[in-house]
Amino acid sequence: MTRIFRNRIAVLGIVFLFWGCSKTEEIKVSDILIQNIGNEGLTIPLNETFLVEASTAPGNADRAGITYKSSDEEIFTVSAKGLIQPKQMGEAVLQVKTQDGSRLNDERTIIIERPSIETIEIEGMVDGYLIVGYNLEQKVMINLLPENSTPLVTFHTDDASVFTVTEAGRAEGHLLNGEANLTVRAVHNPDIMITCKVKVLDLTVEDIVVPADKIMINAMGGTYNLRRDLTILPAIASGVELQYESSRPDIATVDEEGIVTAKGRGDVQITVSSKDADPVKKTVNFFIEAELSYEGWTATASSYSESQGTPGAILVDGANPFWHSKWAGGEEPLPHWILVDMKEEHMITEIMINRRNFNNDLRKAIIEVSRDGSSFTQVGILDWGSSPSSDALRYASFAKQKARYIKITVTESNRGRVASINRMRVYGASE
């Protein structure tokens with residue numbers, strides 16, 4: 001029995017000795033580092049990916065695993081292996097952490113920008129040539145794909161005696177009927193390029209055919225592409241650049257592409273001219289309504305008949321619904337009022353009131369405006385008198401002023417004490 005006990009003690013001693021000799025200290029992670037992204041962060045095009053390289057120190061740490069995370073996965077996602085996949089343009093933070101419980105981490109700001117160029121197209125080719133005007137500078141029109149690509153390209157000519165081209169892509173012909181080559185390259189990847197033949201021709205404009213009728217722009221801030229409606233003669237000169245000028249920039253502006261933008265109510269003339277030494281000039285007439293948008297506006301009233309429409313009906317097109325003073329259960333006495341809140345200040349210059357269709361009950365109304373809803377300024381008195389229902393519109397025109405609130409006070413009716421209004425329209429002015 002004593003011998004068995006001694007043998008067991010010996011075995012246990014060997015086990016403990018072996019265990020003590022085989023046990024080693026765990027090598028822990030002391031640092032984590034993102035290797036291929038600087039402290040300033042990284043910008044990645046929307047149509048590209050990026051593989052993050054990260055490591056831990058020391059290199060022989062027992063638990064050296066790394067996890068990757070995006071602070072906003074609507075901007076970019078990142079895989080378990082560190083592959084960043086852009087989702088939309090914006091900014092988010094890449095977070096890199098250890099897996100050993102030490103809570104060591106590193107992070108970088110990632111900006112997702114417009115996509116990089118994949119394809120370049122040159123627009124306006126004629127029979128395989130890009131036509132450049134003799135002694136006439138014009139912009140080389142290109143199309144970059146995908147849409148919204150970063151527009152970083154370079155332009156090159158292989159014979160400057162035939163034509164030259166600036167860094168901004170403006171080409172000018174120097175040798176009449178001469179031919180040379182134009183090359184356009186993507187800055188981020190010079191292998192993405194396109195080359196086309198260029199021919200230098202006389203592109204002197206002989207005539208510009210413009211619309212004969214007056215053109216109307218209804219909405220304040222609305223636009224009209226005038227260049228689209230112009231015919232340049234001869235046809236070979238149809239792609240040349242033109243100059244545009246507005247007679248009243250406070251009513252409408254026009255940019256170098258011929259886009260007319262409504263700024264205020266009234267008539268305006270846009271002059272179109274060629275860039276030749278002896279330019280052709282034509283004038284196009286516009287009327288700018290400059291009607292404001294009524295989105296979000298609200299209206300209250302001294303009374304209304306709910307079966308026919310709320311006060312806000314005067315902000316909506318159509319014969320129905322419309323505002324009508326209360327009549328069911330007893331008419332409300334004159335005067336009646338409607339107060340319109342535009343929710344923010346607008347510079348305005350005219351207000352139109354349209355009586356209810358096929359009805360002439362509205363006889364006279366006072367129009368007032370206010371910036372604060374407390375102090376009002378009268379800007380017009382609209383008087384229909386006893387005119388027939390077909391005579392429905394009246395305008396209050398006044399010097400432009402800022403206002404948030406519009407108050408319509410009906411003081412007289414052709415039908416006892418009741419009154420109705422179908423529509424109000426408000427027209428803006430430039431600041």
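Leaving aside neighbours within four places in sequence, which residues is isoleucine 351 in contact with? In this predicted model, the list consists of Ile367, Val369, Arg394, Tyr395, Ala396, Phe398, Ile406, Met424, Arg425 and Val426.

Isoleucine 351 belongs to the largest nonpolar core, which has 31 residues. Ile351, Ile353, Ile406 and Met424 are the members with the most contacts inside this core. At least two core residues come from each of the strands E29 (298-301), E31 (336-355), E32 (362-370), E33 (377-383), E34 (393-413) and E35 (420-428). Another core, of 30 residues, lies apart from this one and includes Leu136, Tyr224, Ala262 and Val268. In soluble globular proteins, nonpolar side chains tend to be buried together.

The UniProt record, an unreviewed entry, lists residues 281-429 as "domain: F5/8 type C". This span is 56% strand and 0% helix, and the C-alpha atoms at its ends lie 28 Å apart.

The model has two aromatic pairs. One joins tyrosine 224 and phenylalanine 286: the ring centres are 5.8 Å apart and the planes stand at 75°, so the pair is edge-to-face. Because tyrosine 224 lies in strand E22 (residues 223-225) and phenylalanine 286 in strand E28 (residues 281-291), the pair ties together parts that are 62 residues apart in sequence. Phenylalanine 286 has 0% relative accessibility and therefore counts as buried.

The other pair is formed by tyrosine 294 and tryptophan 297, with ring centres 4.9 Å apart and planes at 85°, so it is edge-to-face. Buried means under 20% relative accessible area. Tyrosine 294, at 13% relative accessibility, therefore counts as buried, and so does tryptophan 297 at 9%. Elsewhere, lysine 199 lies over the face of tyrosine 129, at 4.3 Å from the ring centre.

A further element is an open sheet of three strands, in the order E3-E7-E6, with antiparallel pairing. Strand E3 (50-51) and strand E6 (76-78) each have a single partner strand, so each is an edge strand with one side left without a neighbour in the sheet. Two bridges link E3 with strand E7 (residues 83-86) in the antiparallel sense. Phenylalanine 50 has isoleucine 84 in E7 as its bridge partner. Strands of a sheet pair through backbone hydrogen bonds, either parallel or antiparallel.

Note on methods: Residues are numbered from 1 along each chain as its sequence is written. This is a predicted model: local features need pLDDT of at least 70, side-chain atom pairs count only at pLDDT 80 or more; totals for chains, interfaces and linings use all residues. Side-chain values use heavy atoms; hydrogens and water are left out. UniProt positions are given in the numbering used here, feature names are shortened, and annotations may be inferred rather than shown by experiment. Helices (H or I, at least four residues) and strands (E, at least two) are DSSP runs, numbered from the N terminus. Two strands pair if DSSP finds at least two bridges between them. A nonpolar core is a set of buried Ala, Val, Leu, Ile, Met, Phe, Trp, Tyr and Cys residues joined through side-chain atoms within 4.5 Å. Buried means under 20% relative accessible area, exposed over 50%, partly exposed in between (1.4 Å probe, protein chains only). Contact means heavy atoms within 4.5 Å. Rings of Phe, Tyr and Trp (its six-membered ring) pair if their centres lie within 6.5 Å; planes under 30 degrees apart count as stacked, over 60 as edge-to-face and the rest as tilted. A charge sits over a ring if NZ of Lys or CZ of Arg is within 6 Å of the ring centre and within 35 degrees of the ring normal.
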